[in-house]
Amino acid sequence: MKYYIVIPAHNEQDLIGLTLQSLVSQTVLPSKVVVVNDNSTDKTEEVVLSFAKENPYISVVNKTSDAIHLPGSKVIQAFQKGFETLDSDYDIIVKIDGDLIFPPNYFETIIKHFESDPKIGMAGGFCYIDKNGEWVLENLTDKDHIRGALKAYRKETFQQIGGLKPAMGWDTVDELLCKYYGWKIVTDQSLHVKHLKPTGANYNKTARYKQGEAFYTLGYGFWITAIASAKLAMMKKKPLLFLDYIKGFTKAKRAKTPLLVTPEQAKFIRNYRLQKMKQKLI
């Protein structure tokens with residue numbers, strides 16, 4: 001199976017080289033890697049070009065955009081810019097961040113998962129962060145969720161869910177739509193990926209409200225949002241974030257912000273979320 005990778009990158013000169021080195025060291029190499037240099041003011045482009053010289057399947061695309069780092073929309077707009085430069089001769093499309101180090105067998109293992117069952121639509125490993133010299137699991141989500149930093153999609157799945165949505169919540173709605181269309185999602189706990197910059201390190205204050213807005217646009221409704229907000233705030237060990245999330249949800253509802261999903265999909269998502277919550281209580 002052929003896989004293509006798109007890497008949105010903003011000021012990653014210190015880390016993108018480590019990511020690319022781990023990609024050119026894969027036991028099964030990617031057919032194409034596009035790095036989208038998104039408004040960088042450092043030497044990100046030069047680092048990528050030095051790898052592209054030795055590895056012709058690597059290319060760079062330059063994008064100018066707002067320098068403000070809002071989660072979701074900016075990164076997916078950059079992904080889209082890179083994706084548009086690719087042909088459709090791939091089996092798996094991958095979106096990764098420019099601050100990861102993959103084990104050499106990562107993509108060989110991901111391919112094996114896709115080959116093992118035609119109903120597997122998405123697959124991924126787990127992000128680990130450095131805590132006092134030890135690599136520990138970056139524990140922000142459930143074990144059955146693939147982190148936004150390392151998403152791999154079967155081509156047919158990617159097309160059916162309509163690609164990636166340029167909004168916060170894109171890396172949740174993709175999985176919910178996968179389930180809506182009957183695809184399976186696989187997470188492989190044997191695949192440990194080093195995440196060199198913890199999630200959210202660059203987010204500004206407005207990003208706090210964006211999470212609540214994302215819950216609204218996913219069609220969660222108030223009670224599921226309240227439970228999800230409480231859980232996330234506790235996971236981040238910042239209980240007051242709960243209030244920011246609820247404020248974001250309320251603002252989005254008042255503004256009648258468009259949902260990322262259809263009413264039918266939203267109904268499915270609420271039922272699915274409630275089922276999962278019930279399972280955890282039993």
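A charge sits over a ring if NZ of Lys or CZ of Arg is within 6 Å of the ring centre and within 35 degrees of the ring normal. With that in mind, select Lys251 and Tyr209: the lysine lies over the face of the tyrosine, 4.9 Å from the ring centre.

Before moving on, a word on the model. It is predicted, so to speak of local features takes pLDDT of at least 70 and side-chain atom pairs count only at pLDDT 80 or more, while totals for chains, interfaces and linings use all residues. Residues are numbered from 1 along each chain as its sequence is written, and side-chain values use heavy atoms, with hydrogens and water left out.

**Next stop: Tyr90**

Select Tyr90 and Lys155. Lys155 lies over the face of this ring too, at 5.2 Å from its centre.

Rings of Phe, Tyr and Trp (its six-membered ring) pair if their centres lie within 6.5 Å; planes under 30 degrees apart count as stacked, over 60 as edge-to-face and the rest as tilted. How many aromatic pairs are there by this rule? The count comes to 17. One of them is Tyr4 with Tyr90, a tilted pair with 5.4 Å centre to centre and 45° between the planes. Tyr4 sits in strand β1 (residues 3–9) and Tyr90 in the loop between α3 (73–83) and β4 (92–96), so the pair links parts of the chain 86 residues apart. Helices (H or I, at least four residues) and strands (E, at least two) are DSSP runs, numbered from the N terminus.

Are Tyr4 and Tyr90 buried or exposed? Both are buried, where buried means under 20% relative accessible area, exposed over 50%, and partly exposed in between (1.4 Å probe, protein chains only).

**Then: Tyr180 and Phe268**

Here the ring centres are 5.4 Å apart and the planes at 75°, so the pair is edge-to-face. Tyr180 belongs to helix α6 (residues 170–180) and Phe268 to helix α10 (residues 263–281), 88 residues apart. Tyr180 is partly exposed at 24% relative accessibility, and Phe268 is partly exposed at 27%.

**Last stop: two backbone spots**

Most residues other than glycine have a negative phi. Go to Asn39, in the loop between β2 (32–38) and α2 (44–54), and you'll find a positive phi near 65°. Asn39 is partly exposed, with a relative accessible area of 22%.

Finish at Lys237, in the loop between α8 (222–235) and α9 (241–254). Its phi is positive as well, about 60°, and at 72% relative accessibility Lys237 counts as exposed.
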